[in-house]
Amino acid sequence: MLPTPGSRASEFGTPTDFLWRSWDTDNGLPTPRINAMAVSPDGFLWLGTAAGLIRFDGIEFTTYQSSNTPALADNRVLSLHLDREGRLWAGTADGRLLTWRTGRWHRVSLHGERATQGRSILAITDDRDGALWLATDGAGLLRVGPTGTTDAYGPDQGLPSPTVNLVIRDATDQLWAIAGGQLCRKTTNQWEVVPTPGPVPLPVRMITPARDGGLWVATLTAHPMGSRGTHLFLYRDGAWSEPLAPYPWPQESTRSRAQAIWEDQARRLWCATAGGGVFVHDPGAGWLEVSADLPPAQLQVLCLMEDAHGTIWIGTRTLGLLQVRPRPVAVFPLPPRYRPHVFLCATVDAEGRLWGGTDGAGLFLWEGNGWRRVGPEPGPAESYVAVLLSDRSGTLWVGTFGGLYRLRQQQWEMPSETPVLRQTTTALHEDRSGRIWAGTQGGLACLHGEEVRVYGPDAGLPLTPARAITEDPEGRLWVAVPGEGLFRQEGDLFEPVQVTNSPALRNIRGMAFDAAGRLWFVTLGDGLGCLDDSGLRTWSSAEGLPTDHLMSLVPFQDRFWIGSENGIFALHPGELPPPDNPAGRLRTFRLTPQDGLPFKVCTGLGQPSAAIASDGTLLFPNGSAIVRFRPERFLNPPPVRPPRMVAVRVDDRTEPWIPGSPLEILSGAVSFELHYTSPNLLAPERIRYRYQLVGLDPQPVEAGHRRVAFYNRLPPGRYTFHVWAAGADGTWIESAEPFHLRIRPRWWERRPVQIAGMVGLTALISLGVWRWERNRSRRRMEQLRWQRAMDLERQRIARDIHDDLGSGLTEIILLSDTLREESTSAPALRALADQIADCARRLTRAMDEVVWANNPRHDSLESLLTYLNRYAQEQLNRAGIRCRWDVPLEVPDVPLSAETRHHLYLACKEALHNVVKHSQASEVWVRLHSHAAGFQLVIEDNGRGFDVGDANTDSNGLRHMQQRLAEVGGSCRIESQPGRGTRVTFTFAARATFRPVPAATEE
């Protein structure tokens, strides 16, 4: 019969039945020498070392030394103990007793401490009264009562030596000690020596409580060269058992001395030696060396213990920390000569024998402790065994690349001479009627007794060998053909299943129906799929699958177990994300090499490649080995503990902080690191986290496996940090105590200071605005005074010109008229008088223009238009050209500076002059367009026009108009075409119409 993982022979028999992990200085352990160990109620593993006290959460080590722990004056910690109240105690080499409380180590004052000062505390235990017992180096045993009273026990109280190496409490609360190499027992008020078995007293090396009562005792053997090896006895009810011989260690070697012994939860006795190895004794199997792969000379054990989950922890002198636990997966590897090959399928027959098919090495049967190559005489094709099936009648079916075989009554045979059964077979299935279906290169074959029926292209199936076959609740067959898709049986025909997202149906490697009638399938590259009445749904690594490359599917109880390229995992169909939440993550239970798989990648070619044994174990091909395990062992992982804060780093500096108390930090820090963890000593890498800093994060942040939250430049305020942890089941557990953080503002960041600053700043701004406005008003007043003075001066000049030059010119005109009347008889004089009169009239008109331009009373658009109208009517009427004036009745009140008004008038005058001189026009239009942004003055005629782009027309008059307008901030646009007249547009922006004279600069 095949040994199963549940039997002693498979779980306990070879060193490979144990999983080892180690941590040393390369993994962050401060020192490789570990003197003592204990697991606290919150799940942390504590180590007593020469470098201080070290806390381990499964991934990271936190060190408490004299530099950061005032209670530790000496970093050498020799003993650790967890009492029945869950309190953790530590003893140091300088005789200090410490206890862990409120997130820090505290020193416990001992009465009579001077007598024990400098005496190392080698061991600690507690009694039923709650008192502590301290084993010291030279000060005997100290009993520390609950009230702090200290009593000393030494040779006067029955101890054979003041040096006590060990003190423990057994299952009945009896106290035991080792003093001077002798076993001592606590009586009412004294200690008494217990004689060792045999005629010669044997030095007692180690003791540990037996779970069924009594005490395990390790003694040194008597040897002519002195005490060397180790014997083990059980002392119970005053009687000694026979030694647990024969021993696997030599008795003549000092390396065989027991350094630590422990009875685990399975009643197995562990014995770790000083350099001869680690051994375990099982009541039904004897002794086994479990450290065969480790160098015994370097494996110098100093302490050994078991945690609540059955894991053995070993502290060494030079190799650091070791973890040992029974392998939950039984491994059946190929013989070394066949290691280049891999298993493609596995099954257990009706007799409980394990079978495995490979990719070129043939078929194997496990017998005893190894594989035997069996089966029909394999040729090159028959050596590729793709699928194995053990049917209900006890027949073993073997699908190979050379055809289909069966083992019946210990005889190998081909079930039929039908040619299709001699071709590649990659899928097997037994339906509810007991018929065998085989997916072959020649089609789908159905074997019922001696009858064979083949379904091929005539039945709707391609000739490609099927990789998976299953049966639905209605008895219809479903066949998956690689590259072709999925086919469903309808009577004697097979119809292709037409759904959306059908590419996933072309890569199916395994499929099965659940209790609800849904078809589940796994694919090579497209993840997991489900097909039901509502359609097809798929899940990939984006939704939480370990990988998209899946090899096999085994339905077991209410879950599916799947072999993949990233281990073996299970999922519950009812726990998959619903259709209305497709973004939800899958909850999987995964087996990896950390759990005992020899390889990360599972193998398989068709269905079935994995199998369920009659004893409820599962078998999967796993590379060059077959693995077998009980599913329930992995469906109840250790519970996830509530996460907790472990450290706060601000600007790369660790802040002293007491758990449960708020932390205050002065603002101005650049970086914040909030370190958290959920202690897990078995699989810490599988715990996922999320966190939220209330006061900054609007919602929780998914952190994955990261154990630190990073923040930069937190503003002053109060924050509360919440953290959640989740294991394989996906249940989120929140920390019991949120972390409170207060960023204390600096003096200039405080609210009163900020308010005062805002008031002061507002006052300064107001004062500045007031001074600026005052200076602006002063400059404006000065500007107005200058403008007023200039206007008065312009008025004086205009008045003087008008009064003095005007009267003189008028007088000249009158005298010229008189001279012309009196010289009628002299034509020459009359002509001269006419010339003098014309010249005087031209000078009078020019003088009027100068007076008009200089008079400030005319600095407006309305005055300009009035004067321009008079000039245009006079000039155009004289030339016989009609002038149309298109100006609003209400001219906008637009101020114009003297310079602007003068240049605009001259430009308009030039434009009118060009009309009279060159245009040959009959009509001229003068239009005004005003708006908020300024105004436009347009002079347009219906003359002959000209080509604006012609270089010959680039006369001085046109350039002068544009230059004049540009000098006063305006623009001049000339539009004309031959035969279509000319339009001149003068444009002014509102800001350019009036430019006051700048005020004088103040000293």
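Visitor: How many helices and strands does the secondary structure of the protein come to?

Guide: Helices (H or I, at least four residues) and strands (E, at least two) are DSSP runs, numbered from the N terminus. Here there are 7 helices and 71 strands. Please note that this is a predicted model, in which local features need pLDDT of at least 70 and side-chain atom pairs count only at pLDDT 80 or more, while totals for chains, interfaces and linings use all residues. Residues are numbered from 1 along each chain as its sequence is written, and side-chain values use heavy atoms, with hydrogens and water left out.

Visitor: What share of the residues of the protein count as buried?

Guide: Buried means under 20% relative accessible area, exposed over 50%, and partly exposed in between (1.4 Å probe, protein chains only). Of the 1003 residues, 49% count as buried.

Visitor: How is the span of helix H7 to be read?

Guide: The expected span of a helix is 1.5 Å times one less than its number of residues. Helix H7 (residues 956-967) has 12 residues and reaches 16 Å from its first C-alpha to its last, close to the 16 Å expected at 1.5 Å a residue. Just after H7, Gly969 takes a positive phi of about 85°.

Visitor: Which residues of H7 are buried?

Guide: They are Gly957, Leu958, Met961 and Leu965. These residues lie on the same side of H7, because they cover an arc of only 105° around the axis; the arc is that of the directions from the helix axis to the C-beta atoms. They pack against helix H6 (898-919), strand S70 (970-976) and strand S71 (982-989), where contact means heavy atoms within 4.5 Å.

Visitor: Which residues have the most contacts inside the largest nonpolar core?

Guide: A nonpolar core is a set of buried Ala, Val, Leu, Ile, Met, Phe, Trp, Tyr and Cys residues joined through side-chain atoms within 4.5 Å. The largest has 38 residues, and Leu861 and Phe986 have the most contacts inside it. Among the elements that each supply at least two residues of this core are helix H5 (861-879), H6 and H7. Leaving aside neighbours within four places in sequence, the contacts of Phe986 include Met961 and Leu965.
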